[in-house]
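Subject: Model handover, pockets and a few residues

Hello,

Here is the structure we talked about.

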Amino acid sequence: MLRDPGLGPLYVLVLGVLCGWMGFRLGWRAAHRIVLPLLEGGMGFLAFLYAWTLFGPLSAAIAVMGWALGTSLPAIATFRRHPAAADARVLRAAPYRAEMLAWLRSGVGPEVFPRRTALAHLRELAAYLVAAAATANAGALVLGAILLNYMNAYVARLLAAARHPWTVRLLAWNVWSLVRVLGYVLLGVAAAAPLLRWTGRPGDPTEIRALALTGAFAVMLDLLLKLLLSPPAGRRLAAAVDLDAAAALPEPDATPGLTRRLGPR
């Protein structure tokens with residue numbers, strides 16, 4: 001029954017969400033900034049590989065999108081409740097937040113340096129695709145977990161400091177970032193195809209080509225939207241957030257046993 005193509009997309013979406021949720025919960029309980037993305041990425045790879053084997057590349061991409069959602073929803077809620085723990089356990093949480101808050105304060109964004117922004121995007125994308133091709137997407141999912149975590153930690157801090165919560169809910173995850181996640185997911189799945197074919201799991205070439213082309217379009221659209229929309233989006237978001245509160249160092253969490261686990265690592 002599970003091989004019914006009509007059931008495939010919904011089935012693997014739910015599977016991906018559950019794997020994302022479980023990966024985050026296990027990683028968070030481990031209380032270590034390296035173990036967190038490893039467990040998240042590992043659970044995402046299980047969902048991806050199972051969906052690829054059972055239904056094919058398109059379903060594998062749907063599973064990874066579900067994983068990203070299942071990882072992000074509990075992460076944002078947890079990071080908001082435990083900001084000190086988030087800074088301690090999430091790679092790049094504090095530096096990324098400082099960069100983004102500097103953008104909101106100054107109004108000077110990526111549109112001022114389009115060439116530099118484009119080159120940074122290319123370097124990040126190249127690293128992601130190399131990891132996807134070399135590890136059949138496993139390494140790319142770990143990198144994706146790192147990216148999702150520090151972005152979600154930033155979003156959680158904005159929500160905690162919101163003056164206008166609904167504006168923050170709508171704009172904290174920038175539209176271009178959402179498009180970028182979609183593009184990375186599709187390209188990562190397509191880049192995994194050669195190694196999976198070599199290990200006896202070939203995928204439909206038509207689906208793989210469609211994923212690659214759509215993913216490439218999404219990452220180009222991400223850059224275009226970022227350059228065009230960051231000024232108005234930044235102004236609206238800055239007006240909706242108490243930036244001083246968002247930048248303040250969080251107090252140690254009061255959760256029993258948590259402070260002990262947040263020692264130097």
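Helices are DSSP runs of H or I with at least four residues, strands are runs of E with at least two, and both are numbered from the N terminus. The model is predicted, so local features need pLDDT of at least 70 and side-chain atom pairs count only at pLDDT 80 or more, while totals for chains, interfaces and linings use all residues. Residues are numbered from 1 along each chain as its sequence is written, and side-chain values use heavy atoms, with hydrogens and water left out.

Pockets and cavity

The search runs on a 1 Å grid over the protein atoms alone. A cavity is a set of points where a 1.4 Å probe fits but cannot get out; a pocket is an open set with protein on both sides within 12 Å along at least five of seven lines; lining residues have an atom within 4 Å of a point. Points are joined across faces, edges and corners, and a volume is the space filled by probe spheres set on them. For residue classes, Ala, Val, Leu, Ile, Met, Phe, Trp, Tyr, Cys and Pro are nonpolar, Asp, Glu, Lys and Arg are charged, and the others, Gly among them, are polar.

The largest pocket has a volume of about 690 Å³. It is lined by 24 residues, and those closest to its centre are Tyr96, Glu99, Met100, Pro110 and Lys226. At least two lining residues come from each of α5 (93–106), α6 (114–135), α7 (138–160), α9 (175–191) and α11 (205–240). The lining has 12 nonpolar, six polar and six charged residues.

The second largest pocket has a volume of about 310 Å³. Its lining holds 18 residues, with Tyr128, Leu143, Gly144, Leu147 and Tyr184 nearest the centre. Two or more of the lining residues come from each of α3 (57–81), α6, α7 and α9. Helix α7 gives the most, with seven residues. By class, this lining divides into 14 nonpolar, one polar and three charged residues.

Over the whole structure, one cavity of 30 Å³ or more turns up. The largest cavity has a volume of about 30 Å³ and is lined by Tyr96, Met151, Tyr154, Val155, Ala172, Trp173, Asn174 and Ser177. Helix α7 supplies the largest share of that lining, three residues. Six of the cavity's lining residues are nonpolar, two are polar and none is charged.

Single residues

Ser230 lies in helix α11. Buried means under 20% relative accessible area, exposed over 50%, and partly exposed in between, with a 1.4 Å probe and protein chains only. Ser230 counts as buried because its relative accessibility is 0%. Its side chain reaches the backbone oxygen of Lys226 at 2.8 Å. Leaving out residues up to four places away in sequence, Ser230 touches (heavy atoms within 4.5 Å) Trp103, Pro110, Glu111, Trp176 and Leu225.

Two alanines have a positive phi. Ala31, in the loop between α1 (8–30) and α2 (35–54), has a phi of about 55° although it is not a glycine. Ala31 is buried, with a relative accessible area of 1%. Ala136 is in the loop between α6 and α7, and its phi is near 55°, again positive in a residue other than glycine. At 7% relative accessibility, Ala136 also counts as buried.

Regards

Definitions and conventions
A polar contact is a pair of N or O atoms within 3.5 Å; within protein, one must be able to donate a hydrogen and the other to accept it, and residues adjacent in sequence count only if both atoms are side-chain atoms.
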